[in-house]
Amino acid sequence: MTADPYVHPQALCESGDVGPASRIWAFAHIMEGAHVGADCNIGGHVFVEDGAWIGDGVTVKNMVMVWKRIRIEDGAFIGPGVVFTNDRYARSARLKDVPAITRRYAAEANWILDTCVGAGATIGAGAVILPGLTIGRFATVGAGAVVTAPVGAHELVTGNPARRTGYVGRCGVPLEQPEPDGWRCPESGERYRLGRQGLERVED
Amino acid sequence: MTADPYVHPQALCESGDVGPASRIWAFAHIMEGAHVGADCNIGGHVFVEDGAWIGDGVTVKNMVMVWKRIRIEDGAFIGPGVVFTNDRYARSARLKDVPAITRRYAAEANWILDTCVGAGATIGAGAVILPGLTIGRFATVGAGAVVTAPVGAHELVTGNPARRTGYVGRCGVPLEQPEPDGWRCPESGERYRLGRQGLERVED
Amino acid sequence: MTADPYVHPQALCESGDVGPASRIWAFAHIMEGAHVGADCNIGGHVFVEDGAWIGDGVTVKNMVMVWKRIRIEDGAFIGPGVVFTNDRYARSARLKDVPAITRRYAAEANWILDTCVGAGATIGAGAVILPGLTIGRFATVGAGAVVTAPVGAHELVTGNPARRTGYVGRCGVPLEQPEPDGWRCPESGERYRLGRQGLERVED
């Protein structure tokens, strides 16, 4: 067993910064200057741009694009066909006959914003994440959601625009609320409560 | 004219179970263990996982992913960029520092559910299909819909979440309802009525 | 500096009708019979079908599909993962045991409609555009929107289905409305007013 990353013969990996035991599948393209941590699974047809940062133990399913200024922390799950963004007011950088300011903004990317997906979070299949947002630790974005506002830790959001429709535990299972200020995971038995930073796990 | 499947030189077809006269286009990847029937058209950049099952005469447009436990019956049309799912509460299988039950669920895929697209159905472009659902025969899912509940035969559903907004005939054209318990296709003249299994065609 | 188009070694460009200084990136596929103008940027994993028409100075981000009968005018920006459509009532062309009319429609594509994206417009990431619509000059379709109706010049539309939620100037920035019949771009200072063709820029 080797700890070197595995790169499928039909993938294109230009980055020297891919961690041990990570796997990159067919027709994926990892640009030079992208960071991929250890023990990741990067699915087929994925694109990772220079300046993207992916931690350890991350699963990126097929046909996801990870742009510069996108940070994905350890153990997150990015579902198939998820679309990230990094530009608030995009116009083609090749527009003609427009004021200098328009060309300048488009070309210099002054409107590029940072996105962060917290450790252990899940972004559901086909979700779209607007630029400049943070998705909290162990949050879950439902499949097909369009996220236009920050998502707190352990929050479950769904719809277009995405709204909070519940909470999830570290397992990803929706939490039950047996008492007004307490939540419980029906699978693991873990308990949670609202703290100053949003939902927090109660350590026994 | 040959009945062998055609595989584009830039496609990657690892399955020996692709039927005659089917065509697989550039940058598509069909894994070993996937079934593709006869006379199918599998568009460019499509991914078909081992354990997926695609019947005869199916059209799968570009950039669709078909996972294990997804079954697509004869003559269905899967629009471009459709996103299927098979995991109800996905988390990265490589999460660390979480309870054993979380890792077990993620790794063993205990939450993988079956999806079935019925014969002659259409899934519109960019639609997202949540796991564990059946799309009925000759149903139509509108472009961009997010399907969170089963869809009956001949139903037309649209929106996020998808709701029934009408019925369609075998042609795909919305049906007219000239009388309280009868529907009619304005193109083919075929008539339909509500039966115990949903909308049924009236055979003359 | 050369004016020839650049085609990445892993791209597949079969068209001889790509303008000078355009760039086509890895795993993109441009079919013979597609027109791509000068000074365009065609992202990785993009598919451009024969009969598609892309003007000059257009940015097409990764994983977009541009079908025949889609026209994209000069200086437009097509965000990542945008899904166009061209078929109003799609069914598989390989359906069996259906009336002749159904097969005829599916095979002859009688329901194929024209789409036009106006000069300088932006289609946000992951948006879905239904067939037969015009997106006006310098309009902006928000990320994740599902466009089911025409969009006027300088309109900003968001949601599923997409609704007008404001106006944008040539920069792409939302306009302010300091007086009942006047709009102003806070970045460039350009002024706009409603004319017979929708929002128009006031030339000083």
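Modeller: Buried area is the accessible area that two parts lose on being put together, summed over both. The model discussed here is predicted.

Colleague: What is the area buried between chain C and chain B?

Modeller: About 2,700 Å² is buried between chain C and chain B, and carbon and sulfur atoms give 62% of that area. On the side of chain C that touches chain B, the residues divide into 23 nonpolar, 7 polar and 5 charged.

Colleague: How many residues of chain C and chain B are in contact?

Modeller: Contact requires heavy atoms within 4.5 Å. By that rule, 35 residues of chain C meet 42 residues of chain B.

Colleague: What is the count of salt bridges between chain C and chain B?

Modeller: The cut-off is a Lys or Arg side-chain nitrogen within 4 Å of a carboxyl oxygen of Asp or Glu. The count between chain C and chain B is 0.

Colleague: Why say that the copies meet through different surfaces?

Modeller: Of the interface residues of chain C, only 14% are also interface residues in chain B, so the surfaces differ.

Colleague: What makes β22(A) and β23(A) a pair?

Modeller: Pairing needs at least two bridges. Strands β22(A) and β23(A) have 2, in the antiparallel sense, so they qualify as a pair. In one of these strands, β23(A), R184(A) is the bridge partner of E176(A). A hairpin of 2 residues joins β22(A) to β23(A).

Terms used:
Residues are numbered from 1 along each chain as its sequence is written. Chains are lettered from A and ligands numbered from 1 in the order in which they are written. This is a predicted model: local features need pLDDT of at least 70, side-chain atom pairs count only at pLDDT 80 or more; totals for chains, interfaces and linings use all residues. Side-chain values use heavy atoms; hydrogens and water are left out. Helices (H or I, at least four residues) and strands (E, at least two) are DSSP runs, numbered from the N terminus. Buried area is the accessible area (1.4 Å probe) that two parts lose on being put together, summed over both. Ala, Val, Leu, Ile, Met, Phe, Trp, Tyr, Cys and Pro count as nonpolar, Asp, Glu, Lys and Arg as charged, and the others, Gly among them, as polar.
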